[in-house]
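Biologist: I'd like to learn how to read charged pairs and helix packing in a model. Can we walk through it together, one feature at a time?

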Amino acid sequence: MSERTSVTVILASGTVAAVALGKFSPFLDRVREGFDLSLTNAGWLTSGITVVAAAAATPVGRWAGATRARSVLALGLVATGLSGLAMSAFADMAWQLFALRLLEAVGYVAIMVTGPSLLAQVADAHLRSWALALWGMCIPGGLAAAAAAGGLMAGAGWRAWIAVPAVAAILLAVAVRWAVPLWTGQDGTAAAAAVPSTGRISGSVWSLASGFALVSMVGLATVTLLPTFLSTERGLPEGRSGALTSVVAAASILGSVAAGLLVRRGVRHTSLFASALAMPLLGAGVFLGPTWPWCFVAATLLMVVNGIVVAGVFSALPSVAGVSGAGRATGMVTQMGSVGTLMGPPLFGASKDLVGWWAVLPLTAAAALTGVAALSVAVRRETVTSEA
């Protein structure tokens, strides 16, 4: 099986997991009414997956390691698929829906932790940085696809819609067993030697994960608060604010693709991470912009930067942790990123409620500047050659 086919299957697995993460969003009001859920509980139904990731990603990464990664990815896809099909066909009570969502969350963590590790294993040096950078677009791409596909299937209903990514996950589980080779340790031997035999997570990995958490916090908080800001402060209808925000969120994909092209041309990760220094200025444009087009453009550019940094973090994993240590490192990065995305919206929202919209700006500046510093420390010893 070709290397590019293996990479494509792994990237598709990450995208399907992200679709599962956002699959309830297009039908959230219908699900709330059908199961008599409060808005808070409906929010947990959507974001509960990230709670599991915030609690368990690092242990899963340690356990999966390099040798079990393929099997764990396949099992994660099976768990995601079966839970989705069960929701579609059998969930008639709220507790059943949440229990199945918990199983889906376990599958999501397994996919998100093992995906980058497998990309580091199956891709050679020429393709590895590009493939890992593209992994950064799985979540925004999957969320955008969920929003679009959910809208297209509005007439079919939410049960029919959530069966689609479930079936795709099961098919991909089969494809993983067929297309992704087992780890042999032959590729990346020199990089793997840098990982301590004790399996301890190095200070560089901690630094990379912490920086990732801070930058991710800014990105999600901006997307979360933007619809409310456009509606309440710039007078846009809710539907229009939501549509503009979906475009803003999808802009991360452009950043991920750009990062992949840049790393293939030998651009250092420190340069990619430095782009986050623009976040405070762009944040000011979002929440202090005089008109909604100004706010929209600034938010779009901020999410492009977010995509560049996220893709840069994943493409830096082999140089920071080694190929054989990528599983443990990905677990830590995923866990810390989930902590950041959980904390961001309530922290930024509470600051706005207490002080006003301008309070978002110092938070953005503090998170972005500290995040850039942490990320730069993590890759300070890297050497990069052009793959063009």
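Biologist: Let's start with Arg101 and Glu104: are they buried or exposed?

Modeller: This is a predicted model, so keep that in mind as we go. Both Arg101 and Glu104 come out as buried.

Biologist: And how do I read a pair like that?

Modeller: The general idea is that oppositely charged side chains can pair up when their charged atoms come close. Here, the side chains of Arg101 and Glu104 form a salt bridge, at 2.5 Å from N to O. The two residues sit 3 apart in helix α5, which is about one turn of the helix.

Biologist: How many salt bridges turn up in the whole structure?

Modeller: The search finds 4. One of them joins the side chains of Lys352 and Asp353, at 3.9 Å from N to O.

Biologist: How exposed are Lys352 and Asp353?

Modeller: Lys352 is partly exposed, with a relative accessible area of 26%. Asp353 counts as exposed, at 63%.

Biologist: Okay, on to helix packing. What should I look at?

Modeller: In general, you describe two packed helices by the angle between their axes and how far apart those axes are. Take α13 (residues 279–288) and α17 (residues 360–378): their axes come within 9 Å and cross at roughly 160°.

Biologist: Why are α13 and α17 called roughly antiparallel?

Modeller: Angles over 145 degrees count as roughly antiparallel, and the α13 and α17 axes cross at roughly 160°. So α13 and α17 are roughly antiparallel to each other. Their crossing is right-handed.

Biologist: Which residues meet between α13 and α17?

Modeller: From α13 you have Met279, Pro280, Gly283, Ala284, Phe287 and Leu288, and they meet Val360, Leu361, Thr364, Ala365 and Ala368 of α17. Sorted by class, that contact has 9 nonpolar residues, 2 polar ones and no charged ones.

How values were computed. Residues numbered from 1 in each chain as written. Predicted model: local features only at pLDDT ≥ 70, side-chain atom pairs only at ≥ 80, totals over all residues. Heavy atoms only, no water. Axes fitted to C-alpha atoms, helices over the stretch in contact; angles between N-to-C directions. Helix = DSSP H or I, 4+ residues; strand = E, 2+ residues; numbered from the N terminus. Parallel < 35°, antiparallel > 145°, perpendicular 65-115°, else oblique. Left-handed = near helix turned anticlockwise from the far one by under 90°. Contact = heavy atoms within 4.5 Å. Nonpolar A, V, L, I, M, F, W, Y, C, P; charged D, E, K, R; others polar. Buried < 20%, exposed > 50% of the residue type's maximum accessible area, 1.4 Å probe, protein only.
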